[in-house]
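Dear colleague,

Please find below the structure that I am handing over to you. My notes on what was found in it follow directly after.

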Amino acid sequence: MITTLRTDITVKDICEGFVYNELEGKGLFGLAGKLTIQPEYQRNYIYADGRRDVAVIESILKGYPLGLIYFNKVSSENMEVLDGQQRITSIGRYVTGRFAVKDENGMEQYFGSIAVEKRNKILETKLLVYECEGQEFEIKEWFKTINIAGVPLTDQELNNAVFSGPFVTLGKEEFSNTQNANNQKRGAYIKGSPNRQDYLERALDWVSKGSIVEYMSRHRSDDNINELKTYFNSVIDWASSVFIDVEKEMCGLEWGRLYESYHKKAYDPKKVSAEVQKLYGDLFVKNRKGIFEYVLGGSVETKLLEVRVFEESTKRSVYAKQKAESEKKGVSNCPHCAMGHDANKTKIWSLADMDADHVSAWSKGGATDIKNCEMLCKTHNRAKGNR
């Protein structure tokens, strides 16, 4: 790969013909249309937070260096930003009046309202730019390397870079657009944000059954995302139809796996809702995130709920009582051993060799309190399970 250091490009040059897509939240072009600011392998613009974008402008006004910027030379006349699009977009947005920066008196000032000398200082600032020329694999590898520092690229942002093409472009238009009207519904089930590629990553993870890289490689040149979009919508629509009450613990669950495991089973949404609400009101359920799979699976796997165990003081009290009664009767302090016919029929187990168990199973309404607690030897406790 060939690199050439350029020190003649100014902020004014970059901002000539600057285009910012407000709908998609990204810078598009600069340098009078010769520079593509956000090629398809780049992440979305994430500096529009009133902090990082402001810091870029304040650095210029204070004369601080902005660091190296890398352009990929794609032809004799055209380039694309390889690294630095967040800074360039912030500069372009400020110069075109998209946000304000506080002055030394704490007043919000847009570019057009600051003193002429400050405007000139910004526009005349020269950037340190490396022009890079090379084959696609070299450019992509360099892109990954230079993005190790700063705000790290997510795995999906790196995948977008490696497999850039029409499929990624269409995928980002659908799942990375912060203005998409479906984002509110999607956000109930998916953690993260569209512009950091979290929604696109989940969509790919679901449709590929976890093989995102293989799927993106296979579909890289596709001119549609029909399968991706259809499967994603099927998962979301299924989840929202089964669970009619949206709970915060639903966000981030493995909905793709749950869909594959349970979508062929029939559910009554009203009964499901009643069961979920009952479990939400149960003080013994520690893991609310497990409620949804527990209900989908027929309310059998209580380990999903992490039902609160008996307090240590309760175990000791019940153990002492059982031991005293067993010693008087000459039988084992494990009720199940006492009913047997082997050598353990009269064995007195130590507290460490016993587990607390619900006399009446929690799943059948039994409470986790001293009245419903008995101590069993570990073997019988495991054997009893949820009977």
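**The surroundings of Gly366**

Leaving aside neighbours within four places in sequence, Gly366 touches His358, Ser360, Ala361 and Asn372, where contact means heavy atoms within 4.5 Å. Gly366 lies in the loop that links β10 (354-358) to β11 (373-377). Helices (H or I, at least four residues) and strands (E, at least two) are DSSP runs, numbered from the N terminus. With a relative accessibility of 6%, Gly366 counts as buried; buried means under 20% relative accessible area, exposed over 50%, and partly exposed in between, using a 1.4 Å probe and protein chains only.

**Basis of the values**

Please note that this is a predicted model, in which local features need pLDDT of at least 70 and side-chain atom pairs count only at pLDDT 80 or more, while totals for chains, interfaces and linings use all residues. Residues are numbered from 1 along each chain as its sequence is written, and side-chain values use heavy atoms, with hydrogens and water left out.

**The chain as a whole**

The protein chain contains 17 helices and 11 strands. Its radius of gyration is 31 Å, well over the 21 Å that the globule rule gives for 387 residues, so the chain is more spread out than a compact globule. This radius is taken over C-alpha atoms, and the globule rule is 2.2 Å times the number of residues to the power 0.38. Taken along the principal axes, the C-alpha atoms fill a box of roughly 95 × 50 × 40 Å. Of the 387 residues, 45% count as buried. Among contacts with a separation of 6 or more, 62% are between residues 24 or more positions apart.

**Helix α2 and its cover**

Helix α2 (residues 52-61) has Asp53, Val54, Val56, Ile57, Ser59 and Ile60 as buried residues. The elements that cover them include α1 (11-15), α3 (85-95), β7 (101-102) and α4 (116-124). After α2 comes Gly63, with a positive phi near 80°.

**Helices α6 and α9**

Helix α6 (residues 155-162) packs against helix α9 (residues 198-208) at an angle of about 75°, and their axes are 9 Å apart. Axes are lines fitted to C-alpha atoms, for helices over the stretch in contact, and angles run from 0 to 180 degrees between N-to-C directions. The two helices, α6 and α9, are therefore roughly perpendicular to each other, a term used for angles of 65 to 115 degrees. Asp155, Gln156 and Asn160 of α6 meet Leu200, Glu201 and Leu204 of α9. The residues of this contact divide into two nonpolar, two polar and two charged. Here Ala, Val, Leu, Ile, Met, Phe, Trp, Tyr, Cys and Pro count as nonpolar, Asp, Glu, Lys and Arg as charged, and the others, Gly among them, as polar.

Most residues other than glycine have a negative phi. Gln197, however, has a positive phi near 75°; Gln197 sits in the loop between α8 (183-186) and α9, and is buried at 0% relative accessibility. Ser299 has a positive phi near 55° and belongs to the loop between α14 (291-296) and α15 (312-329). At 24% relative accessibility, Ser299 counts as partly exposed.

**Cysteines**

How many disulfides does a search of the whole structure find? The search finds zero, a disulfide being a pair of cysteine sulfur atoms within 2.5 Å. Cys15 is buried at 12% relative accessibility, and Cys251 is buried with a relative accessible area of 16%.

With kind regards

How values were computed: Angles under 35 degrees count as roughly parallel, over 145 as roughly antiparallel, 65 to 115 as roughly perpendicular and the rest as oblique.
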